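Trainee: I have this one open and would like to go through its side-chain contacts with you. Could we start with the charged pairs and then move on to the rings?

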Amino acid sequence: MLLTLAGPAAQALEAVPRWLVLHPHWVWLTVALPLAGFLINGKLAIAASGPVPLLPPKLAQRITEMVRRYQHGIVTVVGTGVLLAAFVVSLMLFLGFQFLDTQSAYVLRLWSWIPVGRFQVDMALQVDQLSLVMLLVVTGVGSLIHLFSVGYMREDPGYARYFAYLNLFIAFMLVLVLGSSFLVMFIGWEGVGLCSYLLIGFWFEDKANSDAGKKAFLVNRIGDVGFMIAMFMIWTTVGSLDFSTVLRELPAAVPVGGALITAITMFLFLGATGKSAQIPLYVWLPDAMAGPTPVSALIHAATMVTAGVYLVARTGVLFAMAPISSTIVAGVGVVTALFAASMALRQYDIKKVLAYSTISQLGYMFLGVGTGAFAAGIFHLITHAFFKALLFLGAGSVIHAMHHAYHEVHSSEDAQDMRNMGGLRKAMPWTTVLMWIAALAIAGMPLSGFFSKDEILAYAFGRGHDNPVFYLYYVLGIVTALMTAFYMARLMAMTFHGKSRTGADAEPYLHEAPWIMTGPLVVLGILTVFGGMINLPTWAGGHHWLQSWLLPITATAEMYLRPELPHGTTEYVLIGLALTAALVGLVAGYRLTVGQTIVPARDAPEERGFWKVLYHKYYVDELYDAVIVRPLILFSQRFLWKGVDTRVVDGVFVNGSAGISRFLGQIGSRFQTGQLGFYVLLFVLGALWILRAMVGGG
Amino acid sequence: MLLGPSLALSAVLFGIGVIGVLVRRNAIVIFMCVELMLNAVNLSFVALSQYHGVGGRVMVFFVMTVAAAEAAVGLAIMIAVFRHLESVDLKNINLLHG
C-alpha cells in the first residue's frame, strides 16, 4: 500500500518517546480492524448456516455442528477484540496527535480513488481534533456495547451475523468520521445507513422488523439526495471536495449570506436531518427500535444518528457564513427537541420513550451547532453518547430479564411495555442505580448531561442579542428540558418503582443480567457521572478543555458568528432556571406516575383526549402515509406502471421496434421466391449495371 | 481480320445463353445454356488473343477446365435432385422460398 504523508503534520516534537509518535499505519488500522472482524465473522456466519458442498450429508452435518460449537467463541473474541484493538489504536492516535508540532489536520492519502479530468478524489483519511473526538467516542462506546452484546445476543441463532454487521458498522462509521473529503465521508455515510438497515431488520422473519428497516433506509435516501446535491454545488463552485480545500476556498469564492452558500448549507442540512432524525425526516428512528437493543444503543443513539451533527460541525464555516441556514438549523433542532419530547411523554414501550428522547437530544445538538456553539454541540454529542448508551443498555438489560421471565412461564406478554414492569428495583439493583444515574444526567441534574445542555441553552440565550428569535429558542429549550425530566422520571418510576405488574407467576424469574452486561453499564455509569469534566465551565472550576481542544476546527466559523456566553448574574439565573425546570420535571414525573394506578398492557384502556394524540405521535406517520406514500403508490401504479411502463416502454419501444423489424423482414422475404430464374434475372441485371458503370466510368 | 464478326458471334451466343438460362425451366437445358455462355466467352478470348498475345488462349484452357469441373459437380447435383424429386424442373425446386 502506498503511504504518503501530506502536510506539515508528519513531524513530532523533540524528546517524545518513540512509541508515542503518531504513526501513519495507525490511521488506516482503525478502519481495517473492524473491517477484518466483519470479514471473519461474516465468513463464520455463512459457514454455520450454509450447506457444506461435495460431502456426504452425515459428515457435512458434523462439520456444521463443529463450526457451530467453536463459532461462538471465535465470534466473541474476534467481534469484541477488533473493537478493543481499534479503541487502543485510537487512544494511541489521540496521544500521538498531542505531540505533533503543529495542530493542523494530519491527512493520510492511501490511494487516488477517482482521477477523472478535473475531478480528483483521493482515498484519504484525516485526523484532526474533531475526528479524534469522534473516533474515541465511536470505538470507546462501541467497545462497551459490543461487550454488552456478548451477553444480550448469546442465545440468538444469528450471533455471528450480528457481530459481522456490528463490526461492519464500526468500520463505516470510522470512514465517516475520518474521511478527508465529502465523498469519502459519503462512503461511510451510506455504509452506516446500510448497516443500520441490516440491523433494524436483523430479525427479518417478522415482517414488521424488515418493514422498519426499509423505512429507515428509504427516509435516509431523501436526506442523501440533499447531501449529494450539496456536493455537486460545492464541486461546481470550488472544483474540489476535500474538506481542507473547500473550507479554505469556498468562503473566499462566495459572498457571506448569499443565495449559493445558503442553498449549499440547506442541502447539507437536509442530509443531516435524514441521518440524525430531525423534522421532517425523524419518522424512521422510533421504528428503528425493532432492532436488537444494543443496536439501538450503538447506532440509533450514540453514534450513527450523530453523524448529521458531526457534518454540520465539520462544515461549520459554511453554516456560519449563511446566517439564514444556521438560524433554520437551530430552529429545526429546538422544535424537533420539543416535539419529540412531547411524544415521549405518553409512550409505553420503554425503547420508544428512549427513541423519542434521542430525537429530542439530537435536536439540542442541532440547536447548539446552529447557534454557532460547535464545541457545545459536540460536547452534548459526547455526553449524550455516554448517558443514552447507558439508558439503552439498561433498557436492554430490563428487556432481557423480562423476556426471560416471560419465556420461563410461556407467556406472550410484551417484554418491552412499561405497563408490564414496575418494582424491578428489587430484582435488578445494579441496573436501577445505573439507569437512575443516566436519567438524572439526561434530565439535567449536575452530571455530564447538565453541563452540555446548559451550555447549549446559554449560548442560544447569548445569541438573542443579535437575533431575538434565539430567545424563543431558549424558552423552547427550557420547556423541552422540563419535559425531558418528566418523561425520564416517568420511565424510571414505571419500570423500577411501585408495585410489580409482571404477573405473579413470572415475577420470581426476574433477575439481574450477567456481569458481561452489567460491566459495560458500570463503565458507562462512571463516564456519565464524570463525562462533564471534559468541558467543565469556569464557574464550576473547569476551563472548557473540549472547547479549546476543538478551537482549530471552530475558530474560523466563530469569526463569523461570535458565539457568546452570558456572564455574571445572567449566567447564574440561567443555570438556576435550568435546574429548576429539571427538578420540577423529575419530581412531577415521579410523583404523578407512582401515584396513579397503572393497568398492565393487556387490560389497558383506550387513551383519551390529548393523551391519545400524543400516544399516536401526532398522527404524523398517518399524515405522511396519506400525503406522500399513498399518492406515490397510486401515481406509480396508475401512471408509471400502467401508463409509462406498459404503454410507452413495452408498447412503443419494445413491441414497436420488434414490429418495425418484422415489417422490414416481410418486405425482404418477398425477394426470396426460391425460383432460380428470378435469382438469375437479378444477377444478370446486377451484372449489366456493373458493366454499364465500368464502361461508362472507363 | 475476323475480329468484328467473331466478337459479334460471341455476343450473339452469349445472349442466347443468358436468355436460355432466364426463360427455360429444365435444369439440363439451363446447364447447356451456361456452357454456351462459357464457350461464347472462349470465342472472344481466342479472337482477341490475335491482338493481345497468348494470354487469351491460355485462359481458354482454364475456362474449359473449370467448365468440365462444373459440369461434373452440376450433373451430380442434378442426379441427386432427380432422385429426390423425380424431376429436374426448376418450378419444383424452390426450398429456399421465403
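**Salt bridges and rings**

Mentor: The side chains of A:Lys215 and A:Asp621 meet in a salt bridge, at 3.0 Å from N to O, where a salt bridge is a side-chain nitrogen of Lys or Arg within 4 Å of a carboxyl oxygen of Asp or Glu. This is a predicted model, in which local features need pLDDT of at least 70 and side-chain atom pairs count only at pLDDT 80 or more, while totals for chains, interfaces and linings use all residues. Residues are numbered from 1 along each chain as its sequence is written, chains are lettered from A and ligands numbered from 1 in the order in which they are written, and side-chain values use heavy atoms, with hydrogens and water left out.

Trainee: Which parts of the chain do A:Lys215 and A:Asp621 link?

Mentor: A:Lys215 is in helix α6 of chain A and A:Asp621 in helix α24 (residues 620–669), 406 residues apart; helices are DSSP runs of H or I with at least four residues, numbered from the N terminus.

Trainee: And is A:Lys215 buried, partly exposed or exposed?

Mentor: A:Lys215 is partly exposed, with a relative accessible area of 22%, and A:Asp621 is also partly exposed, at 24%; buried means under 20%, exposed over 50% and partly exposed in between, with a 1.4 Å probe and protein chains only.

Trainee: How many salt bridges are there over all chains?

Mentor: The count comes to 14. One of them joins A:Glu607 and A:Arg346, again at 3.0 Å from N to O, and there A:Glu607 is buried at 11% relative accessibility, as is A:Arg346 at 16%.

Trainee: What does A:Arg419 pair with?

Mentor: A:Arg419 forms a salt bridge with A:Asp417, their closest N and O atoms being 3.0 Å apart. A:Arg419 also lies over the face of A:Tyr348, at 3.9 Å from the ring centre, the rule being that NZ of Lys or CZ of Arg is within 6 Å of the ring centre and within 35 degrees of the ring normal.

Trainee: On to rings, then: how are the planes of A:Tyr197 and A:Phe217 set?

Mentor: Their planes are at 50 degrees and their centres 5.2 Å apart, so the pair is tilted; rings of Phe, Tyr and Trp (its six-membered ring) pair if their centres lie within 6.5 Å, with planes under 30 degrees apart stacked, over 60 edge-to-face and the rest tilted. A:Tyr197 lies in helix α5 and A:Phe217 in helix α6, so the pair ties together parts that are 20 residues apart in sequence.

Conventions. Helices (H or I, at least four residues) and strands (E, at least two) are DSSP runs, numbered from the N terminus.
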